[in-house]
Amino acid sequence: MDKKAKDILFKTYWSSKGWKEDHFTDPDDFAYAKEKGLMFDPLTISHDDCVNRIIEIVNTITSEQVTKAFLSSLSTRRLDWRSGIASYYTAKHLIPHKYTPVESGHSYNMDGEIVNTSYSCEVCKKCGAYELGECYVNEDLNVLNFERIKWGGTRHGELLYTLFDLEQFIKEQIPEPAKMDIEILKSILSVICSCNPEDYPGTLRDKLKDIPNLKSNKNERSTIIEILACIEVLKPMSYDRPIRGKSDWIYAEYWRGEDGYNVEMVEKYWGKYLFTDSLLSFGIIQ
C-alpha cells in the first residue's frame, strides 16, 4: 500500500481530534491517491445493478481466500484484509432480485402527522443485507476505503460497502498466515471462552487487548468482534436479552459470554489451521 496515498486519504477525513468536518482533498493529491488505487471518483449505481455486481464478483472469490486474509491480518494489522470475510458472508446470502420496497419507518411533525415515509428493500432485509434506497447517487467511496483501512470497515452488511470491499479485496495478494497469526486466533478463542456468562461484547473487547502480538485499539477490537458476529462465530443463543443504554453494536449486540463461540463455524473457516480437538475441549457448539 502506497504510504503517501494512504496519508492523503487519511488526512481527508481524520485529524488528531478525530473526524474532520471538511473533507477537501487537494486535486493533485487526489490524482496521486487515485492513481495508486486508494481514492476514487463518486459512484452512482442502482440497487439492482449493485446486487448483480456483488453476486457476480463473490462467485470469483473462495471462502479459503477470505478466511486466509482475516487470519493473515491479525499480526500484520492489515485491517483492510480483515474486512473481506464479512462482506463475503453477506454477499453469499444475497439472491438475485429487483428492488422491492417496503415501509421501514415514518417521520412525524409536532401534531403527530406523518410527514415522511422511508422504505427499504424487503428482499435485502431477508438476506441479511441493508441498503440506502433504490439508487446510490454520487456516493463517496473514499470514506468507505478510509474506514476499511483504518478500522477494518464499519458498514458491514450494507450493499454499497459489500460491493466496494469485495472489489478491492480481489486486487490484493494475500500471504499465507504466519504461525503468530494462528496463535493470535487461538488466543482470541480462548479469551472468548474465558468470559463470564453475563459478559457483554464490551467486556470481551476489553479482554482482547491483553492478547500478545494483537496490536489494536478499542475501535479495531470492536470491529473484530463485529466481524466474528457477522459471520456467526459469535452467535447469540437468544435475541431476547436486555441492552445496556445506547449500543453501537450491530451484529454482536445480543451476544453474551455464556454463548462462547460457534465451533462449527470456526472449523468451517479456520479448521485447517487449528487443532480441532483443542477447540472442542473448551468451545461451545451451537
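**Entry 1: tryptophan 151**

I looked up tryptophan 151 in this predicted model and found that the residue counts as buried, because its relative accessibility is 7% and the limit for buried is under 20%.

I then examined its ring partners. Tryptophan 14 and tryptophan 151 form an edge-to-face aromatic pair, with 5.4 Å centre to centre and 80° between the planes. Tryptophan 14 belongs to strand 1 (residues 14-15) and tryptophan 151 to helix 7 (residues 141-151), so this pair ties together parts that are 137 residues apart in sequence. Tryptophan 14 itself is partly exposed, at 28% relative accessible area.

Tryptophan 19 also pairs with tryptophan 151; I noted this pair as tilted, at 5.8 Å centre to centre and 50° between the planes. Tryptophan 19 lies in strand 2 (residues 18-19), so its pair with tryptophan 151 in helix 7 joins parts 132 residues apart in sequence. Tryptophan 19 is partly exposed, with a relative accessible area of 42%.

I recorded one aromatic cluster formed by Phe10, Tyr13, Trp14, Trp19, Phe146 and Trp151.

**Entry 2: charges over rings**

I found the charged end of lysine 4 over the ring of tyrosine 32, 4.4 Å from its centre. Arginine 256 lies over the face of tyrosine 200, at 3.7 Å from the ring centre.

**Entry 3: serine 83**

I located serine 83 in helix 5 (residues 79-92). Is serine 83 buried or exposed? Serine 83 counts as buried, because its relative accessibility is 0%. Its side chain makes a polar contact of 3.1 Å with the side chain of histidine 156. Beyond four places in sequence, the residues that serine 83 touches include Arg148, Tyr161 and Ile227.

Methods:
Residues numbered from 1 in each chain as written. Predicted model: local features only at pLDDT ≥ 70, side-chain atom pairs only at ≥ 80, totals over all residues. Heavy atoms only, no water. Helix = DSSP H or I, 4+ residues; strand = E, 2+ residues; numbered from the N terminus. Buried < 20%, exposed > 50% of the residue type's maximum accessible area, 1.4 Å probe, protein only. Polar contact = N/O pair within 3.5 Å; in protein donor to acceptor, adjacent residues only side chain to side chain. Contact = heavy atoms within 4.5 Å. Phe/Tyr/Trp six-rings, centres within 6.5 Å; stacked < 30°, edge-to-face > 60°. Lys NZ or Arg CZ within 6 Å of the ring centre and 35° of its normal.
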